Structures are given as C-alpha cells and as structure tokens.
Amino acid sequence: MGDSLQSLTREVIACRRCPRLVAWREEVARVKRAAYASETYWGRPLPGFGDPAARVIVLGLAPAAHGGNRTGRIFTGDRSGDWLFAALWRAGLANQPTSVSRDDGLELHGCYVTAAVRCAPPGNRPLPAERDNCLPYLERELALLGEGRVIVCLGGFAWDAALRALAAGGERVPRPRPRFAHGAEVEIGRWTQLGCYHPSQQNTFTGRLTEGMLDAIFQRATELAARSTLSA
C-alpha cells in the first residue's frame with residue numbers, strides 16, 4: 001500500500017520518538033492551564049491540516065503547549081494562530097478568520113499548514129535531535145502534497161527545516177544555503193521558499209510583524225502559486 005497523507009497522519013499522532021517531548025506534552029495535558037482546566041487536552045503530536053491539493057504550504061516551528069497541544073490542530077487556540085488564520089482568510093485561503101477547535105468549521109482552500117516539529121517543546125526550543133527525528137515526516141508530507149509550489153516559512157527554524165526536508169527529498173539546495181529573512185525567496189526544484197517572520201506575540205506586540213507585512217507575504221505566495229499554475 002502506498003504512502004498517503006492519511007497514513008502519515010496516523011504515524012505522526014502515534015509517534016513517541018522523543019522522550020523529552022513525550023514527557024512534556026503529556027505533563028502539560030495533565031496539569032493544564034487554569035483557563036482551560038475543564039478541557040481535555042490533545043497531548044499528542046500534531047499532523048498537518050488543510051487542503052491535500054494545496055499549492056501554498058505554511059510551515060511553522062512546533063505546536064504551542066496550550067494551543068495546538070490543547071486543541072489538537074496546528075496553530076489553533078493561541079495568538080499566533082489568531083494572526084495566521086486571519087491572514088489566510090484575507091488572502092482567500094481560508095473560509096473563516098478564526099481557528100479555535102478541531103470542530104469549528106474551518107476549511108483551507110489551496111493551503112496546507114504544518115510544523116517542523118510535531119510536539120510542543122519546552123520553551124518552544126526543540127533540541128537538534130528532536131528536529132531531526134521529525135524531519136522525515138516533513139519530507140514525506142511535502143512529497144505527498146504533489147500540487148505544492150510555495151512554502152511560507154514562519155521564522156528561521158522553519159526556513160532551515162524546509163531546506164533540510166527538500167534536500168533530503170532529493171532537491172538541489174543552493175550552496176551556501178540561503179539565509180532566512182522576512183520576504184526572502186529562493187527557488188528549489190518545483191518549490192519557491194518564502195520567508196516570513198513568525199506571528200509570535202514577541203513579533204506582533206513589538207510591531208516587528210504587522211498585519212500588512214503578513215498580508216503582503218500571502219499575497220506574494222498566492223501570486224507565485226497562480227504563476228506556477230499558468231506555467232504548468
């Protein structure tokens with residue numbers, strides 16, 4: 001039986017490769033945050049979410065301890081997700097501007113959202129070995145998203161993970177490796193990799209990333225995706 005997004009999803013959810021991350025995600029799910037004390041946390045790794053025929057792929061760092069690790073969907077239930085899905089909605093890539101739970105009716109059109117590391121890491125800092133353990137999942141995911149043409153990398157960690165995954169998948173990655181910057185672009189095989197500051201509270205509260213800057217990234221991503229459709 002061939003590989004599929006469904007089989008990959010099952011593997012990701014069952015993964016226990018990283019003892020430190022398993023212990024942390026399960027502790028957070030057990031102890032909980034006071035505001036969510038009545039909720040049942042997901043407490044497992046997170047698969048990607050969105051349109052299997054997506055041309056625009058959004059790659060983040062990892063689930064938030066009380067966001068995706070609580071709700072069971074990437075970038076759902078935290079401030080970063082509030083910014084991200086509102087921008088996707090404004091770009092015409094989502095049917096609604098909010099993402100609060102797995103059953104909230106959110107649908108993505110031409111877009112797929114995933115992460116470099118699938119478990120919530122302590123301090124949002126995965127170890128190199130944990131990053132490497134997750135890399136094959138991303139490599140397979142990008143291969144299975146056969147219509148994908150643009151990878152929007154939210155932050156330097158995601159940028160590096162995309163380069164690693166594409167290289168592992170057989171693409172010729174430029175040397176020296178392209179450096180992350182907001183708005184940076186690099187063409188690698190069928191992909192254009194596009195850099196974007198992560199919509200973390202640290203970046204949005206300080207104005208390092210504004211709604212206009214985020215909208216410009218997704219406008220560029222949709223333009224690149226449409227261009228690749230016309231040239232196909």
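The buried residues of α6 are Ala158, Trp159, Ala161, Ala162, Leu163, Ala165 and Leu166, where buried means under 20% relative accessible area, exposed over 50% and partly exposed in between, with a 1.4 Å probe and protein chains only. Helices (H or I, at least four residues) and strands (E, at least two) are DSSP runs, numbered from the N terminus. The model is predicted: local features need pLDDT of at least 70, side-chain atom pairs count only at pLDDT 80 or more, and totals for chains, interfaces and linings use all residues. Residues are numbered from 1 along each chain as its sequence is written, and side-chain values use heavy atoms, with hydrogens and water left out.

Helix α6 covers residues 156-168, and its end C-alpha atoms lie 18 Å apart. This agrees with the 18 Å that its 13 residues should span at 1.5 Å a residue, because the expected span is 1.5 Å times one less than the number of residues. After α6 comes Gly170, with a positive phi near 100 degrees.

The buried residues of α6 pack against β2, α5 (128-144), β4, β5 (185-188) and β6; contact means heavy atoms within 4.5 Å.

Leu163 can also be placed relative to Ala115: their C-alpha atoms are separated by 13 Å, and 48 residues along the chain lie between these positions in numbering. Ala115 is found in strand β3 and counts as buried, at 2% relative accessibility. Leaving out residues up to four places away in sequence, Ala115 touches Leu59, Gly60, Leu61, Ala62 and Ile74.
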